[in-house]
Amino acid sequence: MSVPAFDATVAVLAIPAASAALLAALPGYRLTARLNVAASFLTFLAALSLFSGARGEPGQYLFVDDLNIVFVALNTFVGFTASVFSASYIRHELETGRLSPGNLRFYHAMYQTMMFGMNLAFVANNIGLMWVAVELATLTTVLMVGLYRTHEALEAAWKYFILGSVGIALALFGTILVYMAAQPVVGEGHDAMVWTTLVEHAARFDPALLNLAFVFLLIGYGTKVGLAPLHAWLPDAHAEGPTPISAVLSGLLLNVALYAVLRFKILLAASPGAIAPGPLMVGMGLVSLVFAAFMLYRRRDIKRLFAYSSIEHMGIIVFAFGMGGPLANFAGLLHMVMHSLTKSAIFYAVGHIAQVKGTQKMADISGLTVTHPGLGWAFLLGVVAIAGLPPMGVFMSEFLIVSSTFAVEPLLAIPLVLGLLTAFGALVLRATGIAFGEPSGGTAASPAPASYAPIYAHLALVLAAGLYLPPPLVGWFRNVAGLLG
Amino acid sequence: MVTALSFDIAHMLAGGLVLVSFMLLYQDRLHGLINTYALHALVLSASVAWQAWAQGAPHLYVTAAVALLFKALVIPLALHRIIRRLGIHRDIENVVGIGLTMLTGMGLVALSMVVMLRIAADADPLAREDLAMALAVVLLGLLLMVTRRNAIGQVVGFMSLENGLVLAAAGARGMPLVVEISVAFSVLVAFIVIGIVLFRIRERFDTVDIRALDDFRGERR
């Protein structure tokens, strides 16, 4: 960029914010859907330019480091493909009359506000600001989940709102406790909330206060990650909202909360007197994994099925980060990226399936590869990937997690493998029922092949990552894994 | 400026907030619940204002003013109005009996005292005891939320929980203004969301009883 004032960090925030205001004012589907895609694409480009530009000193409010740049890039990429999917999904919803043009304007404005909130949470260098950003992203998604105004959507939005707010309130209490721990060392005022300053001085913080703070932060943000037993909002919110939002919730919003937990984990690791955050995270991760794996068998609704699968995978990721060490952190990061890509691809496919079949009940959907081959095979490929079969990228990250666990703590690998296999069985069982067999359900015409592009693009990336990871990427991830301690 | 007397007054006000939290627990009428919440916000406002004076931190007066105007006046009035306009039942059903709720509440207060006073033993005593009270208010707010079936009861529980957070933020010496404003702002936004949700609930179910929502749960057959 030749403009001297161009600042990629600011652009990542300003583009969604400006387009949210613009989209709130503009009427009409064709224009706004395209504008939404264009804005998301520009944000993605801005995020990519973060990699090239020289990084300034961390500011009082915003900063960029090796860790959050990965999150921002992933976030804006999936945000972009989700906006492409959303354009074709929303057109169908408008045609069938489930959404009115007024809803549409609201939906697009909220979409960009949510992207703004998530990006802000990533680049915030101030733990207070990060909290505000997470809250903003939560509130916008609550409104989107309730968009259809059906009984189910309202119940889901209410439940999500109440549980999400309680989680976020507890996280704020944790944030205040961190400030209390930092204040005697760093001094009063803004400095004691700037994350880079906190990490520098964390060794001298009161460890007891930090411990208590971390418990609140883990439970608070953990509610938003969807860790059992605080996951109750997640399946409902995924099942009842518009499908592009389910994809964004699973692929991105859970990562935002996870990122917050990781930031504070780094802080705790820098303080020698504090408890090791690892065992807590390992415990919650394993419980989520095993619980969600068994719950998968009882699902009747296709979106709920994959919502529980998200709980399962977040459990795996939190487990990996809880184990710590370079290899497990590396695997956790890789798994997070793979899960975001795969799960959002699956939700794109599921959105189209629910539209062509006219139902979300799995019992009423079968023979998809016969009636809609393009869609059916894409869906099947996605399930193969998320279930962890080779040669997809999820297999590689899960393999790394399991093998690193065997090396460190063989006993913990038993429940881990048990959970993985249980979930695998459930997913394959359900997917074969949907993809094969006697065709049933609606036979509406397939959407234009172009609308499958985001699905195949994601799955191609996941496949490529499973076959070959380019050395610069490996180096980058290894570096970040080192940061996580 | 921090004398023994100013200490005692800060404690009295923070303790008063815990007391009003208990009063919230046994209200069985919606209007009574909302009025008690207004009192809760009033005590919070006094407590924050006292902290502002004791710490010599003028920006906390803003927080106190926000609590007084917005939480003690605007929100209760709006809630009264919603109840009248929607013709909601005036009684609140509790999930468990009041006696048990109060006992649990006492247990929670004891828990927060034990945890906070022990952990923050070397911290500034004013902040430490304030924080212990704040934790108690937060936990009592959670208790209120789980023991009420009524949507408005849950909203009041959530707002009393946020009051506890403001008390904690005010007690933390020199905590940047950003956070207090954000808390006030979040209450505003939260309230708008709640208002919309409540309104839509009314549109669809003719009740704000959460149990009516449960019947529509996606997977119940």
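Author: Gladly! Domain bounds come from an automatic or database domain assignment. What you see is a predicted model. Here the assignment for chain A gives domain 1 (1–165 + 226–259) and domain 2 (276–485).

Reader: How many residues of domain 1 of chain A are in contact with domain 2 of chain A?

Author: Contact means heavy atoms within 4.5 Å. By that rule, 39 residues of domain 1 of chain A touch 39 residues of domain 2 of chain A. The C-alpha centres of these two domains are 21 Å apart.

Reader: What area is buried between domain 1 of chain A and domain 2 of chain A?

Author: About 3400 Å² is buried between them, with carbon and sulfur atoms giving 74% of that area. On the side of domain 1 of chain A, F85(A), L227(A) and L258(A) lose the most area to domain 2, together 16% of what that side buries.

Reader: Which element gives the most to the side of domain 1 of chain A that touches domain 2 of chain A?

Author: That is helix 3 of chain A, with 16 residues. The residues on this side of domain 1 of chain A divide into 22 nonpolar, 12 polar and 5 charged.

How values were computed:
Residues numbered from 1 in each chain as written. Chains lettered and ligands numbered in written order. Predicted model: local features only at pLDDT ≥ 70, side-chain atom pairs only at ≥ 80, totals over all residues. Heavy atoms only, no water. Buried area = accessible area lost by both parts, 1.4 Å probe. Helix = DSSP H or I, 4+ residues; strand = E, 2+ residues; numbered from the N terminus. Nonpolar A, V, L, I, M, F, W, Y, C, P; charged D, E, K, R; others polar.
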